[in-house]
Amino acid sequence: MGTVFAAAAALLLIVAPASQATTPSPTPSPPSNQQFQNTISGFLRGDDRAPIPGVTITVRNGGFEASTKSAANGSWSVGVPTQGTYEVELDESTLPEGIRLAEGQENPRQVTFSQTSNLSVIFTFGQGIVIQQQDFGQNLLNRLVAGLSFGLLLALASVGLSLIFGTTGLTNFAHGEMVTLGAVLVFAFNAMNLPFWLAILLAVLGGGLFGYVQDAGLWKPLRRRGTGLVPMMIVSIGLALAVRYVIQFFFGGATQQLPFAQSSEIQIGPVSISPNNLWSLVISVVVIALLGIVLLKTRLGKATRAVADNPALAAASGIDVDSVIRIVWVVGGMLAALGGILWAYYRPGVTFDMGSQILLLIFAGVTLGGLGTVWGALVGSVIVGIFVELTTVFGLAADLKYVGALFIMIVVLLFRPQGILGRRERVG
Amino acid sequence: MDFGFILSSAAGELFSPTTAAYALAALGLAVHFGYAGLLNFGQAGFMAVGAYGFAISTLTFQAPFFVALLVAIVCAAIFALLLGIPTLRLRADYLAIVTIAAAEIVRYIVTTNQLTSVTGSANGLAAFEGGFYAMNPFPEGSYLGMNNRDFFIRVVGWGLVAICCVLVWLLMRSPWGRVLKGIREDENAVRSLGKNVYAYKMQALIIGGVLGALAGIIFTLPRGAVQPANYGTELTFFLYTCLLLGGLGTVLGPVVGAMIFWVVLSLTQGILYGLIESGAVTWLNTVQAGQLRYILVGVALMLLMIFRPQGVFGNKKELAFA
């Protein structure tokens with residue numbers, strides 16, 4: 001009791017802070033769970049693919065410098081405080097007898113983070129590297145296919161967002177977390193040693209469950225109260241923050257990899273593509289086609305479109321609006337989770353904020369196509385995906401590739417605010 | 001657990017320069033959202049424009065303090081114009097998406113390695129605050145337990161908050177402010193009275209944006225550094241939490257909201273760390289305790305919006321939404 005009293009007295013005396021050093025981190029950026037969230041890493045393997053242990057590697061930029069030794073399996077990793085450009089130097093005097101860097105291998109070399117918190121650096125040894133000389137057309141074609149794959153995985157997430165917007169009017173800022181959840185669940189189930197296919201299935205179902213719980217526990221009661229659309233949007237922001245940090249609480253701040261994340265590119269006709277991207281493309285096309293059939297041909301699909309068009313009229317004609325919205329949330333959650341899994345393979349890597357990284361691209365896709373239209377979301381997302389990948393071909397820096405997509409969204413809003421497939425009256 | 005230390009840390013947050021910066025930026029949001037009904041989700045972008053406008057003109061162009069300040073304000077006004085032209089005629093959710101996208105564009109541009117010589121990319125810029133502290137009228141010594149530098153930035157920061165509060169209060173009780181509130185309530189009604197709704201909205205966007213830019217400068221000065229990672233979308237959402245805590249359509253609401261926000265964050269951190277250190281809580285580590293606080297921010301934002309959207313001071317009739 002005495003200490004408390006003394007503390008209160010001290011408080012009165014020290015009106016202003018005497019303890020600047022210990023006040024909470026004043027920056028609003030999320031806390032990190034390791035010393036550094038960003039890592040530069042790689043594997044040292046010789047010409048014969050044998051790992052090279054015990055080699056010193058130094059990473060530096062400006063005031064920061066750190067070095068490490070490669071482990072027995074040849075892996076090395078250095079944590080760095082911020083993303084940016086670093087100089088990575090391999091100390092050639094520590095290389096084992098008979099192994100030397102390949103002819104033409106730059107050392108030290110400059111490396112730059114793009115969107116992910118992990119940057120892998122490859123040093124080649126032995127006979128030398130074949131410097132790949134891709135001609136422009138080849139590169140364009142490859143990026144086009146990669147962009148299509150990216151755009152379709154964005155479409156999975158944005159179709160759900162658009163359906164939710166169409167039926168409830170809510171712009172859901174927590175959709176990014178629904179994307180993250182899919183990938184994190186696959187990682188969690190895989191860590192429990194469940195079979196891979198089961199992990200994916202359970203993760204997609206988990207996404208659906210999250211959608212169900214969200215609607216049943218939060219959005220339906222809010223709709224009942226007649227809460228306006230703007231307050232609901234802010235509630236979704238609160239939900240996004242809470243869920244994002246709940247995921248970080250359990251998952252940590254580091255980047256993890258799903259099984260089979262590493263794959264070398266294969267050649268199909270003129271296009272070289274990684275098998276993961278190819279799978280992603282096929283899965284997205286199949287799922288979107290299925291969704292299209294359901295929306296166009298079944299009673300449920302017709303009911304959904306009717307609710308999206310005019311909820312009051314739909315209710316008057318005997319459609320159970322609430323259960324349609326519930327199904328839309330479940331399907332939206334499942335699609336977002338699947339999109340998240342594919343996004344984890346596309347990046348590659350799972351992080352707690354991977355969904356919020358593409359949330360704005362999802363919004364851009366939905367807005368480009370026209371808010372509330374399913375096909376618009378599909379078209380818009382594919383455009384955004386291809387645009388993001390193609391801008392790097394035309395000389396935009398890799399760390400600016402999202403800027404192009406966001407910029408194009410703003411420009412389209414200037415000239416065609418209802419989006420490509422939207423109807424004029426939606427803009428109001 | 002050292003309660004005295006926890007309490008004095010929390011009390012220190014009450015008048016810290018960061019709280020002043022949050023209060024100013026939230027006041028800008030109050031002009032946007034509380035008074036004009038504009039759903040600006042890009043306040044972090046305005047803060048970044050202010051901070052970088054100030055830092056770049058000081059470092060790259062060697063501008064003196066007041067010129068750099070002016071440049072930052074002009075940059076924020078131009079940013080508001082660029083944002084407003086495509087979006088102010090559109091519905092609220094479009095404005096929200098475009099402003100959040102524009103803020104992210106700003107952050108990507110100051111982060112890119114292409115402009116490292118100007119923006120310092122991810123490391124940001126430092127050592128631009130000399131011109132400000134050179135004007136410090138307080139001789140060295142101890143002021144209420146602070147050195148003259150810390151004291152000066154607090155005096156300036158909170159002085160600025162006070163001046164801006166008075167200005168906003170005067171503006172909002174002027175005819176101009178009444179029209180603005182009218183637009184918030186019913187845009188078409190105001191338009192039918194012959195007012196140029198678009199121009200009023202644009203003026204409100206610029207005023208709030210300039211407040212955001214000033215907040216960005218106050219935010220960076222005590223650190224002597226500006227880093228792009230600080231200006232992510234979370235910053236805007238924290239500002240909304242401050243604004244909703246205090247009350248939307250009020251002048252003092254955002255200021256008090258920012259104070260509550262930082263004091264509560266400091267208290268929860270102190271108590272959680274104390275519990276962990278004393279061994280009373282073993283299911284948490286200090287990193288997770290930090291994350292727990294941000295979970296609480298998210299939950300608080302949701303609960304506020306659902307159960308008390310008018311905040312501590314607000315009047316339910318003054319809400320920007322029905």
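Me: At what angle do helix 4 and helix 11 of chain B pack, and how far apart are their axes?

Reply: In this predicted model, where local features need pLDDT of at least 70 and side-chain atom pairs count only at pLDDT 80 or more, while totals for chains, interfaces and linings use all residues, helix 4 (residues 65-87) and helix 11 (residues 197-220) of chain B pack at an angle of about 140°, with axes 8 Å apart. Residues are numbered from 1 along each chain as its sequence is written, and chains are lettered from A and ligands numbered from 1 in the order in which they are written.

Me: Why are helix 4 and helix 11 of chain B called oblique to each other?

Reply: Angles under 35 degrees count as roughly parallel, over 145 as roughly antiparallel, 65 to 115 as roughly perpendicular and the rest as oblique; the angle here is about 140°, and helix 4 and helix 11 of chain B are therefore oblique.

Me: Which residues of helix 4 of chain B meet helix 11 of chain B?

Reply: Among them are Leu69(B), Ala72(B) and Phe79(B), and the residues in helix 11 of chain B include Met202(B) and Ile217(B), contact being C-beta atoms, placed from the backbone, within 7 Å.

Me: What makes strand 3 and strand 6 of chain A edge strands?

Reply: Two strands pair if DSSP finds at least two bridges between them, and strand 3 (64-69) and strand 6 (109-112) of chain A each pair on one side only, in an open antiparallel sheet of four strands ordered 3-2-5-6.

Me: How many bridges join strand 2 of chain A to strand 3 of chain A?

Reply: Six bridges join these antiparallel strands, and Asn61(A) stands opposite Phe64(A) in strand 3 of chain A.

Definitions and conventions
Axes are lines fitted to C-alpha atoms, for helices over the stretch in contact, and angles run from 0 to 180 degrees between N-to-C directions. Helices (H or I, at least four residues) and strands (E, at least two) are DSSP runs, numbered from the N terminus. Two residues are in contact if their C-beta atoms, placed from the backbone, lie within 7 Å.
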